[in-house]
Amino acid sequence: VVSYPDKKSVCLTPHGLETPEAKAVVPPQDNAEVQARVKALLTPKQVEIFDLLAMDGSPHLREEVAAAVGYSNPSSKGYANAVGKMSSLGLVFYPRDNTNPKFTDYPSHDPSGGFNLPTPPHTPSSAAAAAAAA
């Protein structure tokens, strides 16, 4: 039911799209709804980090982000765990200098683009919607 089209992606197979779970997914209506769904997965501190980075999609100094969300030390375990989980979710990455967190082009880790959270192309929601429209 799952396929891996490349090293960074996972998607449902045609069989996976026919499962009741995939058919029950309601695609988000707009970018604001996608962001709200993502924020629902995050802790309150991670939401603060998300909102700060979402303002412009540019890299921000680690120290500035940490201070803006209430951490006095950007090396603290709390801050590292918060940003680390966001990185694991594919929401942020550290550019080549490895110091300044930046949003990814969701869901890839390609550092060349800016920030936008469109409906990911290989999710049950968009695939189910496409299948339903066909």
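## Packing of α4 against α6

In this predicted model, helix α4, spanning residues 44–54, packs with helix α6, spanning residues 77–88, at an angle of about 65°, and their axes lie 10 Å apart. Since angles of 65 to 115 degrees count as roughly perpendicular, α4 and α6 are therefore roughly perpendicular to each other. The crossing in which α4 passes α6 is right-handed.

On the α4 side, the contact is formed by Q46, I49 and F50, while α6 contributes Y79, N81, A82, V83, K85 and M86.

## Packing of α3 against α4

Helix α4 also packs with helix α3, which covers residues 31–39; here the angle is about 150°, with the axes 10 Å apart. Because an angle over 145 degrees counts as roughly antiparallel, α3 is placed roughly antiparallel to α4.

The residues that make this contact are Q35, V38 and K39 from α3, together with V47, F50 and D51 from α4. They divide into three nonpolar, one polar and two charged residues.

## Two individual positions

A22 belongs to helix α2, which runs over residues 20–24. With a relative accessible area of 2%, A22 is buried, because the cut-off for a buried residue is under 20%. Along the chain A22 and L12 are 10 residues apart, and in the model their C-alpha atoms are separated by 8.7 Å.

N73, in turn, is found in the loop between α5 (62–68) and α6. Its relative accessible area is 38%, and N73 is accordingly classed as partly exposed. From C-alpha to C-alpha, N73 and R62 are 9.4 Å apart in space, although 11 residues separate them in sequence.

## Overall architecture

The protein contains seven helices and four strands. Read from the N terminus, these elements follow the order β-β-α-α-α-α-α-α-β-β-α.

Of the 134 residues in the protein, 33% are buried. When contacts between residues at least 6 apart in sequence are considered, 42% of them join residues that are at least 24 apart.

## Confidence of the model

Across the protein the pLDDT averages 75, and 70% of the residues score at least 70. For residues 104–134, however, pLDDT stays under 50, and over this stretch the model has 62 contacts beyond four places in sequence.

Definitions and conventions
Residues are numbered from 1 along each chain as its sequence is written. This is a predicted model: local features need pLDDT of at least 70, side-chain atom pairs count only at pLDDT 80 or more; totals for chains, interfaces and linings use all residues. Side-chain values use heavy atoms; hydrogens and water are left out. Axes are lines fitted to C-alpha atoms, for helices over the stretch in contact, and angles run from 0 to 180 degrees between N-to-C directions. Helices (H or I, at least four residues) and strands (E, at least two) are DSSP runs, numbered from the N terminus. Angles under 35 degrees count as roughly parallel, over 145 as roughly antiparallel, 65 to 115 as roughly perpendicular and the rest as oblique. A crossing is left-handed if the near helix is turned anticlockwise from the far one by less than a right angle, and right-handed if clockwise. Contact means heavy atoms within 4.5 Å. pLDDT is the predictor's confidence in each residue, from 0 to 100. Buried means under 20% relative accessible area, exposed over 50%, partly exposed in between (1.4 Å probe, protein chains only). Ala, Val, Leu, Ile, Met, Phe, Trp, Tyr, Cys and Pro count as nonpolar, Asp, Glu, Lys and Arg as charged, and the others, Gly among them, as polar.
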